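Here's a quick briefing to read alongside the model. Have the sequence and the 3D view open as you go.

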Amino acid sequence: MEDIEVETLADPELRDPVLVEGLPGVGHVGKLAVEHLLEELDSEPVRYVYADEFPPQVTLEDNVAELARAEFHAVDAGDRDLLILTGDHQAQSNEGHYHLTDAFLDVAEEFGVEEGYALGGVPTGELVDEPSVLGAVTDSDDLERLEDAGVEFREDEPAGGIVGVSGLLLGLGERRGLSVACLMGETSGYLVDPQSAQEVLEVMQDVIGFEVGFESLEERAEEMKEVVGKIQEMQNQQQGQAMSDDDLRYIG
């Protein structure tokens with residue numbers, strides 16, 4: 001197989017298409033967000049991207065093997081169509097990130113994309129009750145429009161910049177003349193975060209102009225709160241036990 005192979009599944013005519021990327025990352029925020037769109041809106045797969053930069057493995061669906069890949073889906077979002085990029089993996093090397101992102105942008109340009117959004121999470125290191133959505137853009141003209149939708153632009157955040165495909169979509173997309181923004185939901189960084197994914201999607205609804213229900217994401221968020229509650233309870237019990245042992249040693 002070639003370093004990168006793109007398989008064509010369909011070639012629909014898309015209406016003023018918007019690229020939306022959600023690959024695995026911090027809190028799986030971007031991936032959860034685009035998976036929710038694919039579940040809630042009409043869509044069809046249009047491209048599969050295979051690369052030797054993905055891990056050497058297959059996934060199993062009903063015991064049927066599928067080679068690791070990235071996927072593009074065409075999504076009917078009302079007045080505009082979305083071209084959603086998702087998958088289970090990112091590249092395993094710096095060079096691979098560049099080559100794959102270039103291939104992703106080639107596909108986007110084939111469909112006439114001029115605007116794109118990279119979705120992800122920004123780690124806080126602690127649990128966040130009401131996550132904000134931080135942003136970065138390739139065109140300063142987009143700042144006011146996104147701020148009106150609730151996006152926060154903080155100086156020097158996220159610290160260290162934006163890595164992976166999300167960052168390169170901005171950097172390489174800008175060199176191709178595309179308008180790309182990154183929307184990042186605040187998240188602890190160590191748990192899958194459906195609440196943060198919902199916050200990002202609510203911003204996107206305002207920016208792009210579509211409607212989607214959130215019931216399933218809200219249910220997952222409640223389940224995660226229960227998990228967090230149990231973890232915190234176990235930690236408190238362990239701390240209490242440690243204090244008791246210390247007290248006994250002191251008394252003895």
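**Salt bridges, sheet and helices**

Glu-152 counts as partly exposed, because its relative accessible area is 30%. Bear in mind that this is a predicted model. Glu-152 pairs up with Arg-154 in a salt bridge, with the closest N and O atoms 2.7 Å apart, and Arg-154 is partly exposed too, at a relative accessible area of 29%.

**Charged pairs**

- The structure has 18 salt bridges, and side chains of opposite charge can pair when their charged atoms come close.
- Glu-109 and Arg-176 make a salt bridge, their closest N and O atoms sitting 3.0 Å apart. This pair ties together distant parts of the chain, 67 residues apart: Glu-109 belongs to helix H2, while Arg-176 is in the loop between H4 and E11.
- Both partners count as partly exposed, because the relative accessible area is 36% for Glu-109 and 27% for Arg-176.
- Within helix H1, Lys-31 and Glu-35 lie four residues apart, about one turn of the helix, and their side chains meet in a salt bridge (2.9 Å, N to O).
- Is Lys-31 buried or exposed? Lys-31 is buried, at a relative accessible area of 9%, whereas Glu-35 is partly exposed at 26% relative accessibility.
- As for the geometry, an α-helix has 3.6 residues a turn, so residues three or four places apart point the same way.

**The sheet and what lies across it**

- Nine strands form an open sheet with mixed pairing, in the order E1-E3-E6-E7-E2-E8-E11-E9-E10. E1 and strand E10 (151-152) are the edge strands, each pairing on one side only.
- Strand E8 (residues 115-123) runs parallel to its partner, strand E11 (residues 179-187), and the two share nine bridges. Look for Gly-121, whose bridge partner in E11 is Gly-185.
- Helix H1 (residues 29-40) lies across E2, E3, E6, E7, E8 and E11, at about 130° to E7.
- H4 lies across E2, E8, strand E9 (133-137) and E11, and runs at about 155° to E11.

**Helix H2**

- Helix H2 (residues 94-110) has 17 residues, so at 1.5 Å a residue it should span 24 Å; the end C-alpha atoms are 25 Å apart, which agrees.
- The buried residues of H2 are Gly-96, His-97, Leu-100, Thr-101, Ala-103, Phe-104, Leu-105, Val-107 and Ala-108.
- What covers those buried H2 residues? The cover includes strands E1 (4-8), E2 (18-22), E3 (43-51), E6 (70-76) and E7 (81-87), plus helix H4 (164-175).
- Just past the end of H2, Gly-112 has a positive phi of about 80°.

**Helix H5**

- Where H5 starts, a side-chain oxygen of Asp-193 comes to within 3.3 Å of the backbone nitrogen of Gln-195.
- The buried residues in H5 include Pro-194, Ser-196, Ala-197, Gln-198, Val-200, Leu-201 and Val-203. Further along, Met-204, Gln-205, Val-207 and Ile-208 are buried as well.

Conventions. Residues numbered from 1 in each chain as written. Predicted model: local features only at pLDDT ≥ 70, side-chain atom pairs only at ≥ 80, totals over all residues. Heavy atoms only, no water. Expected span 1.5 Å × (residues − 1). Buried < 20%, exposed > 50% of the residue type's maximum accessible area, 1.4 Å probe, protein only. Contact = heavy atoms within 4.5 Å. Polar contact = N/O pair within 3.5 Å; in protein donor to acceptor, adjacent residues only side chain to side chain. Pairing = 2+ DSSP bridges. Axes fitted to C-alpha atoms, helices over the stretch in contact; angles between N-to-C directions. Salt bridge = Lys/Arg side-chain N within 4 Å of Asp/Glu carboxyl O.
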